[in-house]
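I set down here, in order, what I looked up in this structure. The entries are brief and follow the model shown below.

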Amino acid sequence: MCILFPQRYFLVGSNQAQTKHRVLKIDRTEPKDLVIIDDKHVYNQQEVRELLSRLDGGNRTKIGQKGSSGLSRAVSACGIVGFVRFLEGYYIVLITKRRKMADIGGHSVHKIEDTTMIYIPNDSVRVTHPDEARYVRIFQNVDLSSNFYFSYSYDLSHSLQYNLTLLQRPYEQWSSLASTVEGEVQTQSKQDSFDIFEDEGLPTQVIYGVQNEPYYKYVWNGKLLEKAKDVVHGDWLMYIIHGFCGQSKLLVYGRPVYITLIARRSSKFAGTRFLKRGANCEGDVANEVETEQIVHDASVMSFTAGSYSSYTQVRGSVPLYWSQDISTMMPKPPIRLDQADPYAHIAGLHFDQMLQRFGSPIIILNLVKKREKRKHEKILSEELYPAVLNLNQFLPPQFWIDYIAWDMARSTKSKLCNVLDRLSMIAENVVRRTGFFINRCDFYCHNIRPDERWGDLGGHVTASGRVQTGVLRTNCVDCLDRTNTAQFMVGKCALAYQLYALGMIDKPKLQFDTDCVRLFEELYEDHGDTLSLQYGGSQLVHRVKTYRKIAPWTQHSKDIMQTLSRYYSNAFSDADRQDAINLFLQVYRPSECKPHLWELPTDFHLHQKNTMTLPKNRRSYTMWWSEGTLMYLPVASDEVPTDDTMKTVKAKRVNRFDESIDTYTEFFRPYELTSFDETFCIAMTSSAKEFMPKTVGVDPSPFTVRKPEETGKSVLGHKSSKEETLLQRKTAASAPPPPSEEAISSSSEDDSEEDRDDDGSVSQRSTPIKLLLMESGESTRTQEELQQQQAVKEPYGLNVGRLLAEEDLHIYQRFAHLGESQHRVERAQHVNLSNIVCLEPVSSFSGDSVYAVSPPQVDRDTRAELEIHAMAGRGQVRVLCRDDVLMYREYVRNRYM
């Protein structure tokens, strides 16, 4: 809540339960400086009401005087994006509307829906400038309501593996860190330290809360919060990411499994398609996006007690000095190498960042073309491969960077090559080498029914689960269409391992044309469309169904329209978007002593810092990695508790029932009257609702291969044109391939025998042959009879009104005869069953049988618990124990104090 006064702004923030409040004061008398005063006191609900009442009374004007009286609420906001200044005073950017997009362990992920900019200085001290309004318009060209995400309690800039690895560190590290951090333990006020139970002699249960610094490479408002970072309390700072966030629900026989896809776009060397290519002098590449897929059992919400798994992969431009000249107005401008880099210095900086964040191995999947009549994309491959060879000669052999080059576009045109089969083989190899993250140990079923793929899985095995070591880096020229399909296939392979590790499937392999894969494919298509719009100006042109060669004929016209839209955006609107991104990320900061943003002929010097100043320390060409990186490989050095990494983490001692760490109270709010619409407000896609067939008699498992007409999408009613487009996009993408292609793929020499069997079974089930046998009498049926039979068939799954065939009657009679015979027991002679079969009891009760069950033994504690409940029903309440008093004390604190 922002409250307006002539002399200052008051920002009043609260937690979700509105039991704790903080107040921020912003001075409005400074024309060009930002003066923020953070009130360190934590107010309760009664105190903040008294404070606002005093402010209202102290600023109310006398009767007869002009001007406004008292306080006035300027805006109600959900968070602060940051503070920005152009040529006049500072603005504050506030989030006024949000929408919940995902839930990860009780931590909500919100999408920004609307924002507002408020000018801070008062009109009496404002110094106007003629170009201020133009800078404001350029800044607002970055649409914050388009794919910007934040979370109040979860660090979106880091991966789930990093966040949960912090929680798994030893207790001694946090206890020592909390005692050495300066200023962490502050003197509380009398009101805060007041405890109505202090005479009971009950000690407070203390645990350690952890808060880490964000990874600023993926934070988009880091520069906007620089002025306030060292002044205000950490609860005011809210970091946002740009990219994509989507969540879908997979129902496995009623058990909810959430699949979450989070894409983090890098804020370094960010821009549009043709204006940002290659890498800058610091090793940051254009269109770099880190995609993480999180799979967790939603029936348990806690991070410590639940089962959570994640897999991460990266896309980004080729890490070289290259660009494309867009002045020629060509659909494909020629590629040119801007600077020679014989020692692969830029590539070394880039891969050094990846080794620190992801560990080893780093696997490059290069999808650019190899054979061209005129050299275009091939130029990049001829420069990247020697650079990787040059870097590998100084690394230990076990940590070499793997390079996989495959001309995906040429393979798509070939009739003898199945693109997705080749990608599936690459994905299996990659996932086996890198492994994935899971925070629990293997199930017992993995030991009694082992799978050979599971035994060969890579990564780092810990006492509490598995850790992904290394990452796949995929690139083509634009890192859009081909890259998204390749990432989908790798994600599909990793999803199979994740579901197998969670105990949902019996082997780590998923087939196409299942509800699970259709759900995952829809999620990845939305992910690809969003990233393509951000970088290229249009949605994906080639989708997964395009490479499966099952796209409908209407898709070709849509592809042409998307190509034209992308060309128009690149030619006419990318320059304005690039200026807006540079201004939002504070790459360019306006000043009266330098040219304006729209007067610059190029922004090359803004992103290449070595063009303005010479580097002080030049990195070695042989030891191109950072100090200490190789020491912990294959584990990423950022996840190892060293002195440098522990400096980015803050630990503080808090009460076990404190609201800042109590996820249950924060999410469900048990002390308030809430509704289901507020608590469960995510409108996510569900496999049972969207994809499972609605007829009875069909296997409800989301891992069963189905025909396109069997999906839930095909039995929906009439839709609008927009909904039909979405319907076609969701169903046609998973249609089965033609038999000829399946035959070709199943006879590939590269596939193993086991893969051939699996693929063969899929093709037989996904392309069935229908035999329509109709009698002559059936053709004379009326339309009403057919409609009645259809109405009966819909709920029961079969036509009960049709007479049974003679063969079916014989089958039923034999079944009934067997049922009658099984009750006739002939005891002509005594048979010793021990000579025939050895029967061993499998129950814990030795006397159990189908005729009698031994009564269970009830222990003393259970009897005592039953007696307590019975006494409570009669009005006789037992004496409260220590745990009951502690729980009641925290209830009174949170509710009334």
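With which residues is Gln-161 in contact, leaving aside its neighbours within four places in sequence? I found Glu-292, Ser-310, Phe-437, Val-467, Gln-468 and Glu-639, where contact means heavy atoms within 4.5 Å.

**Entry 1: basis.** I note that this is a predicted model, in which local features need pLDDT of at least 70, side-chain atom pairs count only at pLDDT 80 or more, and totals for chains, interfaces and linings use all residues. Residues are numbered from 1 along each chain as its sequence is written, and side-chain values use heavy atoms, with hydrogens and water left out.

**Entry 2: confidence.** I looked up pLDDT, the predictor's confidence in each residue, from 0 to 100. The chain has a mean pLDDT of 79, and 74% of its residues reach 70 or more. For residues 181–200 the pLDDT is below 50, and this stretch has 15 contacts in the model beyond near neighbours in sequence. The pLDDT is also below 50 over residues 714–782, a stretch with 89 such contacts.

**Entry 3: the chain.** I recorded 28 helices and 24 strands; these are DSSP runs numbered from the N terminus, helices being H or I of at least four residues and strands E of at least two. Of the 897 residues, 46% count as buried. Buried means under 20% relative accessible area, exposed over 50%, and partly exposed in between (1.4 Å probe, protein chains only). Among contacts between residues at least 6 apart in sequence, 72% join residues at least 24 apart.

Entry 4: I returned to Gln-161, which lies in helix H3 (residues 160–167). Gln-161 counts as buried because its relative accessibility is 5%.

I then took His-107, placed in strand S8 (residues 107–119). His-107 has 13% relative accessibility and therefore counts as buried. Not counting residues up to four places away in sequence, His-107 touches Ala-102, Ser-153, Tyr-154, Phe-303 and Thr-663. The C-alpha atoms of His-107 and Met-301 are separated by 9.3 Å, although the two residues are 194 apart along the chain.

Asp-515 belongs to helix H14 (residues 515–536). Is Asp-515 buried or exposed? I found Asp-515 buried, with a relative accessible area of 1%. Beyond neighbours within four places in sequence, the contacts of Asp-515 include Phe-691, Met-692, Pro-693 and Arg-706.

**Entry 5: helix H8.** I checked the span of H8 (residues 378–392). The expected span of a helix is 1.5 Å times one less than its number of residues, so the 15 residues of H8 should span 21 Å; the end C-alpha atoms are 22 Å apart, which agrees. The buried residues of H8 include Ile-379, Leu-380, Leu-384, Val-388 and Leu-391. The buried residues of H8 pack against H7 and strands S15 (322–324), S16 (335–337), S17 (362–366) and S18 (402–405).

**Entry 6: cavities.** I found four cavities of 30 Å³ or more. On a 1 Å grid over the protein atoms alone, a cavity is a set of points where a 1.4 Å probe fits but cannot get out, and lining residues have an atom within 4 Å of a point. Grid points are joined across faces, edges and corners, and a volume is the space filled by probe spheres set on the points. The largest cavity holds about 60 Å³ of space. Its lining includes Tyr-343, His-345, Leu-391, Arg-619 and Trp-624. Helix H7 (residues 345–358) gives the largest share of that lining, three residues.

Key: 1 Å grid on protein atoms, 1.4 Å probe; cavity = no way out; pocket = protein on both sides within 12 Å on 5 of 7 lines; lining within 4 Å.
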